[in-house]
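Let's take a friendly walk through a protein chain. Please keep the sequence and the 3D view open as you read.

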Amino acid sequence: MELERESPLVKDEIDLLLRLSDIHISLEKALAAVADARAQNPGPDASRRMGPKLFDELAETVERLRRDAASTSQHLSSATHRSYEGLRRQARLPLVAFVRDGLCGECHVRLPSALAGAVMSGPELRSCPFCGRLLWSNVPVSSSLR
Ligand SMILES: [Zn+2]
């Protein structure tokens, strides 16, 4: 039986954005691990001294996450993709903020009440005017749907 969904597009996009958010958080961690390893082992032969295996594994992880992000983001609508690109460039993670008691769940600034209301009921994705994250109501989509 088909689940009744009022705005499948928004929910699907939020699912994609939550996945992308996880991918980018993992990517940031992998890149930080690479930077850490380099900082502790300066010099051009760092990868030899540290063991090429570690570097290879990190490089592979970074590549895989980048591919995941690229293929996942292809499914976003063009408007959402633009917001995603902006947030990604600024490494503003997580990408999605849940609205709680009228506040943005990430930057904790009170949203205009019309905007907070639109997020709860609206058929389109809205961004926080303060941090730019895409807003969603306070129940995580993945657990509320199934
Ligand atoms: Zn915000």
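## A pair of facing residues

Valine 99 has cysteine 104, in strand E2, as its bridge partner. Another facing couple is arginine 100 and leucine 103, again with the leucine in E2. Together, strand E1 and strand E2 (residues 103–104) are joined by 2 bridges and run antiparallel. Here, two strands count as paired if DSSP finds at least two bridges between them. Strands (E, at least two residues) and helices (H or I, at least four) are DSSP runs, numbered from the N terminus.

What lies between the strands of this hairpin? The hairpin of E1 and E2 has 2 residues between its strands, and aspartate 101 takes a positive phi near 50° there.

Before going on, please note that this is a predicted model: local features need pLDDT of at least 70, side-chain atom pairs count only at pLDDT 80 or more, and totals for chains, interfaces and linings use all residues. Residues are numbered from 1 along each chain as its sequence is written.

## The sheet around it

E1 (residues 96–100) also pairs with strand E4 (residues 134–136), in the parallel sense and over 3 bridges. In that pairing, valine 96 stands opposite leucine 134 of E4.

Now put the strands side by side. They form an open sheet of 4 strands in the order E2-E1-E4-E3, with mixed pairing. E2 and strand E3 (126–127) are the edge strands, each pairing on one side only.

## The whole chain

How many helices and strands does the chain have? The secondary structure comes to 6 helices and 4 strands. Along the sequence, these follow the pattern α-α-α-α-β-β-α-β-β-α.

Of the contacts in the chain with a separation of 6 or more, 66% are between residues 24 or more positions apart. Two residues are in contact if their C-beta atoms, placed from the backbone, lie within 7 Å.

## Valine 10

Valine 10 sits in helix H1 (residues 8–40). Is valine 10 buried or exposed? Valine 10 is buried because 21 other C-beta atoms lie within 10 Å. The cut-offs are 20 or more other C-beta atoms within 10 Å of its own for buried, 12 or fewer for exposed, and partly exposed in between, with C-beta atoms placed from the backbone. In the chain of 146 residues, 19% are buried.

Leaving aside neighbours within four places in sequence, valine 10 is in contact with Pro123, Glu124 and Leu125. Valine 10 and tryptophan 136 are 126 residues apart in sequence, while their C-alpha atoms are 9.2 Å apart in space.
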